[in-house]
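Trainee: I would like to learn how to read a model like this one. Please take me through it feature by feature.

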Amino acid sequence: MKSRTSNYLKTIYETSYTQRWTCNKQLATMLGVLPGSVTEAVNRLISQKLVVKNRGQIKLTKRGYQLVADLMYRYRLCEILDVS
């Protein structure tokens, strides 16, 4: 998976942690990108069936959630194992 895709998935996961949905503006702010870039990335994630969008609100699908959960698990595991 491309790092850009994983960054968007992780950010959607993090921003929608307390509430089930997030929006383009919130993602753009968190990622430090323009809203148009978020729209393009979200549309790509929708076509991959990783997120759904309803009235401007974005959330992970079950498949997207599982993918980001695996990413976060590997990330945390690397943090634990990194004994620099």
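The dialogue below goes through a helix, a sheet and a ring pair.

Mentor: Ground rules first. This is a predicted model: local features need pLDDT of at least 70, side-chain atom pairs count only at pLDDT 80 or more, and totals for chains, interfaces and linings use all residues. Residues are numbered from 1 along each chain as its sequence is written, and side-chain values use heavy atoms, with hydrogens and water left out.

Trainee: What span should helix 1 have?

Mentor: Helices (H or I, at least four residues) and strands (E, at least two) are DSSP runs, numbered from the N terminus. The expected span of a helix is 1.5 Å times one less than its number of residues. Helix 1 covers residues 3–15, so its 13 residues should span 18 Å. Its end C-alpha atoms are 18 Å apart, which agrees.

Trainee: Which residues of helix 1 are buried?

Mentor: Buried means under 20% relative accessible area, exposed over 50%, partly exposed in between (1.4 Å probe, protein chains only). In helix 1, Thr5, Ser6, Tyr8, Leu9, Thr11, Ile12 and Thr15 are buried. Take Thr5: its relative accessibility is 7%, so Thr5 counts as buried.

Trainee: Which residue does the side chain of Thr5 make a polar contact with?

Mentor: A polar contact is a pair of N or O atoms within 3.5 Å; within protein, one must be able to donate a hydrogen and the other to accept it, and residues adjacent in sequence count only if both atoms are side-chain atoms. Here the partner is the side chain of Arg44, at 3.3 Å.

Trainee: What is the strand order in the sheet?

Mentor: Strands of a sheet pair through backbone hydrogen bonds, either parallel or antiparallel. Two strands pair if DSSP finds at least two bridges between them. This open sheet of 3 strands has the order 1-3-2, with antiparallel pairing. Strand 1 (22–23) and strand 2 (51–54) stand at the edges, each with a single partner strand, so one side of each lacks a neighbour in the sheet. Strand 2 is joined to strand 3 (residues 57–60) by 4 bridges. One of the bridge partners is Leu60 in strand 3, paired with Val51.

Trainee: How many aromatic pairs are there?

Mentor: A pair of aromatic rings is described by the distance of the centres and the angle of the planes. Rings of Phe, Tyr and Trp (its six-membered ring) pair if their centres lie within 6.5 Å; planes under 30 degrees apart count as stacked, over 60 as edge-to-face and the rest as tilted. The count is 1. Tyr13 and Tyr65 form a tilted pair, 5.8 Å centre to centre with 50° between the planes. The pair links helix 1 to helix 4 (residues 62–81), 52 residues apart.
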